[in-house]
Amino acid sequence: MPDLSQLAEQLQTRERVLSQIKWDELSPEQCRGLRQQLENNQLQPQQYVEALEAALALPVPAHTEPGWLSLPGLRQREQRLFRNDFMTALERTRSGEAFALPGPDTNPDWDWFCGRHGVLRSPFIAPQAGCRDLFEKVRQAEAFAHLLTAVLEEHGLSQQWPVSLSEIPGYRPLSPMDLKQAQYEALGLNLKLSWREWSFQRPR
């Protein structure tokens, strides 16, 4: 199971591969093959959760640990509380809310005494939730590429653009693509397809 740093490397590779595709040169067969690869290797939200969990399980460098964590049971308690805080914040993110750790400490810190939150509410026990933005960006980019291959394949086979995105034979978009949110204009040799921050236009 990859941790966050390993997942980030994989995401960068996926992003680089997408950026190097020469869309205008793809044959219908290549479009179909690429779309099948995207389906078979689609990023799932659970992969980010698992990478975060793997990162939380990594040993912490000694110089980052406060001395009081050496007291019996405190390090394990802080790891458990921090993990609870972090996973709660992650669940907020997965439901569409902003990722945020719990608020700052209070004095006295009753939440810590009662075992509700870690003492510092900050990632001194485990790493920050890095690469989440890249994860979402690549997921969306691959969903757009999946749709684009379907449009280009249909045109390559019939020499006509689909009348609408919802009428591409047998097509089912990858999550998080919503065909109703995509902008599609096609006439003659001209094509303009866009969704969120991604777009493709022919001729360029």
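This is a predicted model: local features need pLDDT of at least 70, side-chain atom pairs count only at pLDDT 80 or more; totals for chains, interfaces and linings use all residues.
Colleague: Okay, and is Pro-45 buried or exposed, or partly exposed?

Modeller: The idea is to compare the relative accessible area with two cut-offs: under 20% is buried and over 50% is exposed. Pro-45 has a relative accessible area of 34%, so it falls in between and counts as partly exposed.

Colleague: Which residues does Pro-45 touch, not counting residues up to four places away in sequence?

Modeller: Leaving those out, Pro-45 touches Phe-135 and Arg-139. Take Phe-135: it is 90 residues apart from Pro-45 along the chain, yet their C-alpha atoms are separated by 8.8 Å.

Colleague: Why is the pair of Trp-195 and Trp-198 stacked?

Modeller: Their planes are at 25°, with the ring centres 6.2 Å apart, so that pair counts as stacked. As for accessibility, Trp-195 comes out at 1%, so it is buried. Trp-198 has 15%, which means it is buried by that rule too.

Colleague: Which residues touch Gln-140, not counting those up to four places away in sequence?

Modeller: Both tryptophans are on the list: Gln-140 touches Pro-176, Trp-195, Arg-196 and Trp-198. Gln-140 itself is in helix H6, and its 14% relative accessibility puts it in the buried class.

Colleague: On to charges. How many salt bridges does the count come to?

Modeller: Side chains of opposite charge can pair when their charged atoms come close. In this model the count comes to 7 salt bridges. One of them joins Arg-202 and Asp-24, at 3.0 Å from N to O.

Colleague: Where do Arg-202 and Asp-24 lie in the chain?

Modeller: Arg-202 is in strand E3 (residues 198-202), while Asp-24 is in the loop between helix H1 (4-19) and helix H2 (28-40), and the two are 178 residues apart. Asp-24 is partly exposed, with a relative accessible area of 41%.

Colleague: And which parts does the salt bridge between Arg-32 and Glu-153 link?

Modeller: That bridge has an N to O distance of 2.8 Å. The pair ties helix H2, with Arg-32, to helix H6, with Glu-153, across 121 residues. The two ends get separate labels: Arg-32 is partly exposed at 38%, whereas Glu-153 is buried at 7%.

Colleague: How far apart are the closest N and O atoms of Asp-133 and Arg-132?

Modeller: They are 3.6 Å apart, and the cut-off is 4 Å, so the pair qualifies as a salt bridge. Asp-133 is exposed at 62%, and Arg-132 is partly exposed at 23%.

Colleague: Back to helix H6 for a moment. What is His-155 in contact with, leaving aside neighbours within four places in sequence?

Modeller: His-155, which lies in helix H6, is in contact with Gln-160, Trp-161, Gly-188 and Arg-202. At 12% relative accessibility, His-155 is buried.

Colleague: Last topic: how many cavities of 30 Å³ or more does the structure hold?

Modeller: There is 1, and the largest cavity has a volume of about 40 Å³. When reading a cavity, go on to the residues around it. Here the lining is made up of Gln-42, Leu-43, Arg-139, Glu-142, Ala-143, Leu-174 and Ser-175. By type that gives 3 nonpolar, 2 polar and 2 charged residues.

Note on methods: Residues are numbered from 1 along each chain as its sequence is written. Side-chain values use heavy atoms; hydrogens and water are left out. Rings of Phe, Tyr and Trp (its six-membered ring) pair if their centres lie within 6.5 Å; planes under 30 degrees apart count as stacked, over 60 as edge-to-face and the rest as tilted. Buried means under 20% relative accessible area, exposed over 50%, partly exposed in between (1.4 Å probe, protein chains only). A salt bridge is a side-chain nitrogen of Lys or Arg within 4 Å of a carboxyl oxygen of Asp or Glu. Helices (H or I, at least four residues) and strands (E, at least two) are DSSP runs, numbered from the N terminus. On a 1 Å grid over the protein atoms alone, a cavity is a set of points where a 1.4 Å probe fits but cannot get out, and a pocket is an open set with protein on both sides within 12 Å along at least five of seven lines; lining residues have an atom within 4 Å of a point. Grid points are joined across faces, edges and corners, and a volume is the space filled by probe spheres set on the points. Ala, Val, Leu, Ile, Met, Phe, Trp, Tyr, Cys and Pro count as nonpolar, Asp, Glu, Lys and Arg as charged, and the others, Gly among them, as polar. Contact means heavy atoms within 4.5 Å.
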